[in-house]
Amino acid sequence: MSVGQAGETAHLRHGVACRNVTTMSKMAMQTTPLPASLAGKFKGSFAYNTIKDRMPLILTKVIDTLHRHKNEFFEEYGEKGIEAEKKAIAYLSKLRNELQTDKPLIAMNDNLPDITLWNQYLEYHQNLSNQPPSWFQSPWLYTECYMYRRIHEAIVLHPPIGDFDVFKEEKVHAFFNSQQAIIVLSTYLQELLKNIKDLDDKCLKEEFFKLIQVSLWGNKCDLSISGGADNSQKADPLQALQELKSFVLVDHTEKLWSLLINKKKMDREAATRLDIVLDNAGFELAADLVLADFLLSSKLVTEIHFHGKSIPWYVSDTTKRDINWTITQMQSANNKWMSRCGVSWESYMKNGTWVYHDHLFWTLPHEFSCMAQVTPDLYAELQKSDLIIFKGDLNYRKLLGDRKWEFTVPFHQALNNFHPAPLCSLRTLKCDIQVGLKPGQGEQLTNTEPEWMITGKYGIIQFDAAA
């Protein structure tokens, strides 16, 4: 975790596990109890299969990545690099064995700024059931996040390789494998921006709808769901939009448009802030940046705050390094439209109309309903937003507490008092959790396509007004 985050610890000294007294009191006032958490103890569930198959596979690939960089570590650090590589691999091999044999989760000791919160969360779960939490028995959201945090610990505990991103290769590969699709999107954006000032509201709306959908379907490119296997965007991302419309199960794009256009019309001089909580690097990040550029250039928003991960996370999640690398690659691309995008995006970052944040809360195991108690500084920052877009499955799981909600439960209710500002989830479904559907919609899909929630075939654009 970056040294700069040490300043955040002042806010976290008194941080506690998600179910602190305040949160428990809030829950007690609810008319109905919260549903059970998704967990690996439910055999045959997506959580069970993920813990049993996909998570060990990811650990194996991390071990293989370290081994393949052995010579690089030696060239850069000498024998110390080789020794660090061996110790990190031994650590990860032990971690994989702990996972596969459902051993108790253990405290971490790398002394990074978030360590107190992680170990308090472990203690909370231990007190909750009078026994140590374990990989299959404890909530899946917790154990999956715990695995990625332990992967990071394996690296930082073994200098001098402590700054190595074990997922960098996959992210770089995903970007270059999606380059043709990124060229199509960059070309479309740059042609659009030539006449952006002359577009009436109807045309702006059409383009807004189009680029929101591109950002949504970009979420299919998730390397954690594929276990790190190639999952890049190869087809034209614009051509498929019309046929994909029927696979959007909840579509609140009209509400998003109304929110932004009404604010623009009410006061053309007023600032409009958009926050985007990012998901995957690669094509999805490029699609998100194209959407952001359009929104800024059309003056539908005046400033955009991106929120990403402070450490390598869930294989392809975006870090500050990834967004900087992506912008640099765009700038230096042979294609003039990609290059022009990269030049503009660097300029936005430099002049402050785009801002990147990497608060450590995004790599904690807590659901978002705990944010105001655990990291009040981040919650206060999000309250400044006019609209927050949460990309992807992990953010959706954390918005909903990763619980077995009924399909028809309203999104607002499932957010469990997390309402910092109007917010929207853009997500292709890759885990078995979904709310806000029409009566019978989920059941009908289950009857015709038993795996409809986990394939990425369906998507949602789901809005909550926070009122």
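Is the crossing of α13 and α15 left-handed or right-handed? The crossing is left-handed, a term applied if the near helix is turned anticlockwise from the far one by less than a right angle, with right-handed used if clockwise. The structure is a predicted model, in which local features need pLDDT of at least 70 and side-chain atom pairs count only at pLDDT 80 or more, while totals for chains, interfaces and linings use all residues. Residues are numbered from 1 along each chain as its sequence is written, and side-chain values use heavy atoms, with hydrogens and water left out.

Helices (H or I, at least four residues) and strands (E, at least two) are DSSP runs, numbered from the N terminus. The axes of α13 (residues 283-297) and α15 (residues 336-351) come within 11 Å and cross at roughly 70°. Axes are lines fitted to C-alpha atoms, for helices over the stretch in contact, and angles run from 0 to 180 degrees between N-to-C directions. The two helices, α13 and α15, are therefore roughly perpendicular to each other (65 to 115 degrees). Their contact (heavy atoms within 4.5 Å) involves A286, L289, V290, D293, L296 and S297 of α13 and S344, W345 and Y348 of α15.

An open sheet of seven strands has mixed pairing and the order β1-β7-β6-β5-β2-β3-β4; strands pair if DSSP finds at least two bridges between them. At the edges stand β1 (248-251) and β4 (354-357), each with a single partner strand, so one side of each has no neighbour in the sheet. The twist from one strand to the next averages 15°. Strands β3 (residues 303-307) and β4 run parallel and are joined by four bridges, with I304 opposite W354 in β4.

Terms used:
Angles under 35 degrees count as roughly parallel, over 145 as roughly antiparallel, 65 to 115 as roughly perpendicular and the rest as oblique.
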